[in-house]
Amino acid sequence: AVGVALFAMAGLVGAAAGAVGTVVLDITTYGDMVLRGRPSSDAPSTLVKNVAASAGIESLTGDDDTAKNRRSGASALLGYVNGVGIGALYGAIRPSLRGVPALVAGLALGAAAMAASDVPLVKTGATDPDTWGTEGWLADIVPHALYGLALAFAFDALQESGSG
């Protein structure tokens with residue numbers, strides 16, 4: 001029972017660290033939009049629309065403002081599920097990765113988050129990475145790398161503060 005409780009606690013700490021990483025990702029992304037004057041990506045909303053169409057969820061497939069707003073909200077929520085969920089998983093497995101430096105773990109977490117975001121986008125036809133160009137790739141890689149680093153370092157800091 002103690003082992004299960006510690007495992008659950010590590011998952012909760014990981015989820016909190018994932019939330020920190022998600023805020024860092026959002027700040028980086030929105031900062032990039034401000035600096036470069038670029039629009040937000042419509043790919044996440046397109047993913048929601050494509051999946052909803054396959055599942056027959058009409059309230060998310062229309063072209064009216066209400067359906068567009070629902071897709072926008074649903075895609076943002078999926079980002080939080082991704083960010084917090086990867087954090088929770090990391091929290092659960094971090095004890096078995098004690099020898100891995102936070103820097104290395106963070107970059108791996110960023111790559112995992114990027115894959116968890118991008119693979120469904122590509123598989124559902126919401127985007128084509130061949131069309132992104134260097135700026136598009138950097139706009140995806142940098143926020144995800146910073147997400148992973150923030151998650152890893154926040155997790156270690158939270159673990160250290162809870163053990164003292």
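Me: Where do I start with burial, and what share of the chain counts as buried?
Reply: A residue is buried when its relative accessible area is under 20%. This is a predicted model. Of the chain's 164 residues, 34% count as buried.

Me: How many helices and strands does the chain have?
Reply: Count each kind of element. Here there are five helices and zero strands. In sequence order the pattern reads α-α-α-α-α.

Me: What box do the C-alpha atoms fill?
Reply: Take the box along the principal axes. For this chain that gives roughly 55 × 35 × 25 Å.

Me: What do contacts say about positions along the sequence?
Reply: Look at contacts with a separation of 6 or more. In this chain, residues 24 or more positions apart account for 77% of them.

Me: Is Thr22 buried or exposed?
Reply: Compare its value with the cut-off. Buried means under 20%. Thr22 has a relative accessible area of 6%, so Thr22 is buried. Thr22 sits in helix 1, residues 2–36.

Me: Which residues touch Thr22, apart from its neighbours within four places in sequence?
Reply: Thr22 is in contact with Tyr80, Gly83, Val84 and Tyr147.

Me: Which residues of helix 4 are buried?
Reply: Among them are Ala102, Ala105, Gly106, Leu109 and Gly110. Met114 and Leu121 are buried too, and so is the charged-type residue Asp118.

Me: What follows helix 4?
Reply: Gly125 does. Its phi is positive, near 75°.

Me: How many aromatic pairs does the structure hold?
Reply: Two. Check the ring centres, then the angle between planes. Planes over 60 degrees apart count as edge-to-face. The ring centres of Tyr90 and Phe155 are 5.4 Å apart and their planes are at 70°, so this pair is edge-to-face. Tyr90 lies in helix 3 (residues 65–93) and Phe155 in helix 5 (residues 133–163), so the pair ties together parts that are 65 residues apart in sequence. Tyr90 and Phe155 are both buried.

Me: What kind of aromatic pair do Trp132 and Trp137 form?
Reply: A tilted one. The centres are 4.6 Å apart, with 55° between the planes.

Me: Are Trp132 and Trp137 buried or partly exposed?
Reply: Apply the cut-off to each. Trp132 has 18% relative accessibility, so Trp132 counts as buried. Trp137 has 33%, so Trp137 counts as partly exposed.

Conventions:
Residues numbered from 1 in each chain as written. Predicted model: local features only at pLDDT ≥ 70, side-chain atom pairs only at ≥ 80, totals over all residues. Heavy atoms only, no water. Helix = DSSP H or I, 4+ residues; strand = E, 2+ residues; numbered from the N terminus. Buried < 20%, exposed > 50% of the residue type's maximum accessible area, 1.4 Å probe, protein only. Contact = heavy atoms within 4.5 Å. Phe/Tyr/Trp six-rings, centres within 6.5 Å; stacked < 30°, edge-to-face > 60°.
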